[in-house]
Amino acid sequence: MSVSYKVEEQAAATYKEEFDSTGYTLVRGLFGADEADRLRDHYMDLRKRGSAPHDFAGHTSTSRDPLRRYPRMAQMHRWDDTSLQWLIDPRINEVMTALLGRSPYAVQTMLYFKPPGSRGQALHQDNFYLKAEPGTCIAAWMALDRVDKANGCLEVVPGSHRWPILCTEKADTTVSFTDITVPLPDPDAAVPIEMEPGDVLFFHGALVHGSAPNVTKDRFRRALIGHYIEGEAQRVAQYYHPALRMDGTPLELEVAEGGGACGEWTNGPDGPVVQMTGTHTVTRKHE
């Protein structure tokens with residue numbers, strides 16, 4: 001799958017400007033529709049083979065819960081070369097380098113099947129889990145199907161990448177397969193990102209994002225995700241070791257123990273603010 005690729009200078013500037021402003025940028029057609037088709041078929045074949053390392057909630061083909069019949073896969077690149085080659089693909093590296101100023105380190109692959117009738121994922125911030133420091137993590141979220149509101153497309157809160165990592169609260173597990181979420185000062189702040197197969201959304205590790213349930217009766221919403229950390233990062237949580245350079249060679253980083261401070265929404269004189277708690281206390285206006 002690896003191909004030669006170079007981001008045009010004007011396009012790179014546009015991607016970086018949008019990423020810096022909103023916390024994400026959508027690169028349409030970064031991969032061809034035929035590549036998305038092959039990847040979709042590849043992962044469906046892997047899923048049919050039964051349980052795999054890092055399946056979410058195990059694999060139970062007879063369960064009434066769609067997410068037990070099609071649990072997400074994680075860290076496939078550790079045992080599947082197709083996943084590894086996608087994770088370190090030059091096209092992803094070129095866009096990441098344009099956004100960050102240097103090549104990132106790769107630390108995770110994930111595949112979400114999201115079959116018809118399945119729950120979504122409550123709003124969250126990725127670096128709550130990865131704990132990359134200094135700096136943050138970055139996601140590359142590739143659509144393998146057409147994704148829209150009906151089948152549970154990704155929803156993001158523009159500008160939330162400027163917020164700290166927020167304290168979590170309990171999520172509604174009737175609509176989310178995860179049990180924690182983050183509160184928002186505006187409950188309608190998240191916007192849907194509709195995508196075609198082969199489109200890739202790149203987003204910052206502090207960007208608040210999630211998805212609603214797939215309410216269709218016959219459409220999957222399959223997505224292939226890579227998680228990366230900024231090239232100057234020195235630590236990441238244990239689960240994401242070993243990190244890889246974008247040529248596929250491993251490197252040694254320190255293990256990030258626990259998390260840093262988190263933040264809670266409070267009412268300030270000029271509107272909602274994020275008040276940090278933990279080892280530091282900082283108050284930041286919501287922008």
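# Rings, cores and cut-offs

User: Why is phenylalanine 113 called buried?

Analyst: Its relative accessible area is 1%. Buried means under 20%, exposed means over 50%, and partly exposed lies in between (1.4 Å probe, protein chains only). Phenylalanine 113 therefore counts as buried. This is a predicted model, where local features need pLDDT of at least 70, side-chain atom pairs need 80 or more, and totals for chains, interfaces and linings use all residues. Residues are numbered from 1 along each chain as its sequence is written, and side-chain values use heavy atoms, without hydrogens and water.

User: How many aromatic pairs does a search of the whole structure find?

Analyst: The search finds 6. One of them joins phenylalanine 31 and tryptophan 86.

User: Why is the pair of phenylalanine 31 and tryptophan 86 called tilted?

Analyst: The ring centres are 6.4 Å apart, with 35° between the planes. Rings of Phe, Tyr and Trp (its six-membered ring) pair if their centres lie within 6.5 Å; planes under 30 degrees apart are stacked, over 60 edge-to-face, the rest tilted. The distance passes and the angle falls in the middle range, so the pair is tilted.

User: Which parts does this pair tie together?

Analyst: Phenylalanine 31 lies in the loop between β1 and α2, and tryptophan 86 in helix α4, so the pair ties together parts 55 residues apart in sequence. Both residues are buried.

User: What makes tyrosine 70 and phenylalanine 113 an aromatic pair?

Analyst: Their centres are 6.0 Å apart, within the limit for pairing. Tyrosine 70 sits in the loop between α3 and β2, phenylalanine 113 in the loop between β3 and β4, 43 residues apart. Tyr70, Phe113 and Phe220 form one aromatic cluster.

User: How do you know that arginine 91 lies over the face of phenylalanine 31?

Analyst: Arginine 91 is at 4.1 Å from the ring centre. The test asks for NZ of Lys or CZ of Arg within 6 Å of the centre and within 35 degrees of the ring normal. Arginine 91 is listed as over the face, so both conditions hold. Lysine 131 lies over the face of phenylalanine 128, at 5.4 Å.

User: Which residues have the most contacts inside the largest nonpolar core?

Analyst: They are Tyr43, Trp86, Ile92, Phe202 and Tyr228, in a core of 37 residues. The largest share, 5 residues, comes from α2.

Key. Helix = DSSP H or I, 4+ residues; strand = E, 2+ residues; numbered from the N terminus. Core = buried A, V, L, I, M, F, W, Y, C linked by side-chain atoms within 4.5 Å.
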